[in-house]
Amino acid sequence: MKTILITGCSSGFGHATAIYFLERGWKVIATMRHPRPELFPASENLRLLPLDVSNAESIKRAIADAGEIDVLVNNAGIGVLTSLEGMPMSTAREVFETNTLGTIAMTQAVLPQFRAKRGGTVINVTSTVTLKSLPLLAVYTGSKAAVNAFTESLALELQPFNVNVRLVLPGLAPTTDFGKNAMPRMEQTFLDAYQPMLDGIMAGMHQPQPTTKAEDVAAAIWQAATDPNAPMRIPAGEDAVAVANQTT
Ligand SMILES: NC(=O)c1ccc[n+]([C@@H]2O[C@H](COP(=O)([O-])OP(=O)(O)OC[C@H]3O[C@@H](n4cnc5c(N)ncnc54)[C@H](OP(=O)(O)O)[C@@H]3O)[C@@H](O)[C@H]2O)c1
């Protein structure tokens with residue numbers, strides 16, 4: 001029986017992925033900043049561990065408590081939709097600290113055990129905004145594009161040790177808590193000059209259109225975890241597949 005450790009399981013893609021793998025007989029270590037057992041079905045294959053990916057001590061403790069794992073999913077992430085002008089640098093740092101450095105630190109923490117056993121898979125969740133740019137997302141997109149580049153270089157570095165590294169790129173998923181969780185960062189110092197741009201983006205997002213469901217992301221992560229021939233970049237969601245096809 002294989003074990004997967006997933007970051008950011010309190011909602012959205014992480015929560016759906018934890019349940020998807022549990023339903024398919026895997027041992028799941030669902031991590032989140034504040035563990036909430038009531039979010040999950042009772043299962044002897046499920047462990048909840050506290051983990052803040054922006055905190056080195058928290059990472060060390062969670063990896064030690066987790067023991068041996070086969071797959072790491074770096075899913076935890078935060079967003080911000082706002083003009084760069086006016087954005088406090090502390091917000092830019094917070095986004096990179098979680099999305100980019102959190103992913104790098106978690107990956108570094110599992111490598112000793114993966115290299116020693118000549119096996120294991122790291123799956124990094126980024127976004128299709130790295131394939132097709134949108135305005136007001138420069139910092140968020142930068143944080144995720146950095147993970148794409150990091151992942152593709154690391155895959156070459158880890159090939160001799162039989163450690164797989166993959167990217168899952170979801171499209172727009174309005175049903176997760178992502179927008180709600182991003183709100184406090186967006187309300188800081190938004191400049192009126194960018195309001196028409198924001199209105200245009202919000203109107204576009206509310207048009208009926210194909211979107212990504214949390215289950216699509218769980219299925220893409222399943223493919224990355226179980227198919228050794230999975231491509232490096234796996235788009236997740238109908239809209240994501242369309243964007244990936246346009247850009248390749
Ligand atoms: N929704 C979209 O449209 C979309 C599209 C493309 C890619 N993505 C990416 O997909 C991933 C999951 O997003 P989602 O849509 O499922 O959003 P979500 O519902 O907001 O889930 C994000 C998760 O990350 C956790 N998190 C935030 N900061 C953390 C930290 N420092 N340490 C540990 N956990 C932390 C949150 O936990 P707390 O409860 O502790 O806050 C939450 O469980 C993110 O990386 C996001 O960038 C989302």
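G171 is buried, because 26 other C-beta atoms lie within 10 Å; a residue counts as buried if 20 or more other C-beta atoms lie within 10 Å of its own, as exposed if 12 or fewer do, and as partly exposed in between, with C-beta atoms placed from the backbone. This is a predicted model, in which local features need pLDDT of at least 70 and side-chain atom pairs count only at pLDDT 80 or more, whereas totals for chains, interfaces and linings use all residues. Residues are numbered from 1 along each chain as its sequence is written.

G171 is found in the loop between strand 6 and helix 5; helices (H or I, at least four residues) and strands (E, at least two) are DSSP runs numbered from the N terminus. Leaving aside neighbours within four places in sequence, the contacts of G171 include T128, T211, G237 and V243, a contact being a pair of C-beta atoms, placed from the backbone, within 7 Å.

| Residue | C-beta neighbours within 10 Å | Class |
|---|---|---|
| G79 | 22 | buried |
| N162 | 13 | partly exposed |
| R118 | 10 | exposed |

G79 lies in the loop between strand 4 (71-74) and helix 3. Not counting residues up to four places away in sequence, G79 touches Y140, F178 and A182. G79 and K180 are 101 residues apart in sequence, yet 9.6 Å apart in space, C-alpha to C-alpha.

The other two loop residues carry positive phi values. Most residues other than glycine have a negative phi. R118, in the loop between helix 3 and strand 5 (121-125), has a phi near 50°. N162, in the loop between helix 4 (138-158) and strand 6, has a phi of about 60°.

The strands form an open sheet of seven, in the order 3-2-1-4-5-6-7 and with parallel pairing; two strands pair if DSSP finds at least two bridges between them. Strand 3 (46-50) and strand 7 (233-236) are the edge strands, each pairing on one side only. On average, neighbouring strands of this sheet are turned by 20° against each other, direction ignored. Strand 2 (residues 27-32) and strand 3 are joined by five parallel bridges, and V28 has L46 as its bridge partner in strand 3.

Helix 2 (residues 56-66) lies across strand 1 (3-6), strand 2 and strand 3, at about 160° to strand 3. Helix 8 (residues 238-247) lies across strand 6 (164-170) and strand 7, at about 135° to strand 7. Axes are lines fitted to C-alpha atoms, for helices over the stretch in contact, and angles run from 0 to 180 degrees between N-to-C directions.

The largest nonpolar core has 50 residues, and I4, V168, V217 and I221 have the most contacts inside it. Such a core is a set of buried Ala, Val, Leu, Ile, Met, Phe, Trp, Tyr and Cys residues joined through C-beta atoms within 7 Å. Helix 7 (residues 214-226) gives the most to this core, eight residues. A second, separate core of nine residues includes I78, L81, L137 and Y140.

Of the 30 residues around the ligand, G8, G12, R33, G77 and T176 come nearest; a residue is near if its C-beta atom, placed from the backbone, lies within 6 Å. Helix 1 supplies the largest share of this shell, three residues.

Technical notes
Two residues are in contact if their C-beta atoms, placed from the backbone, lie within 7 Å.
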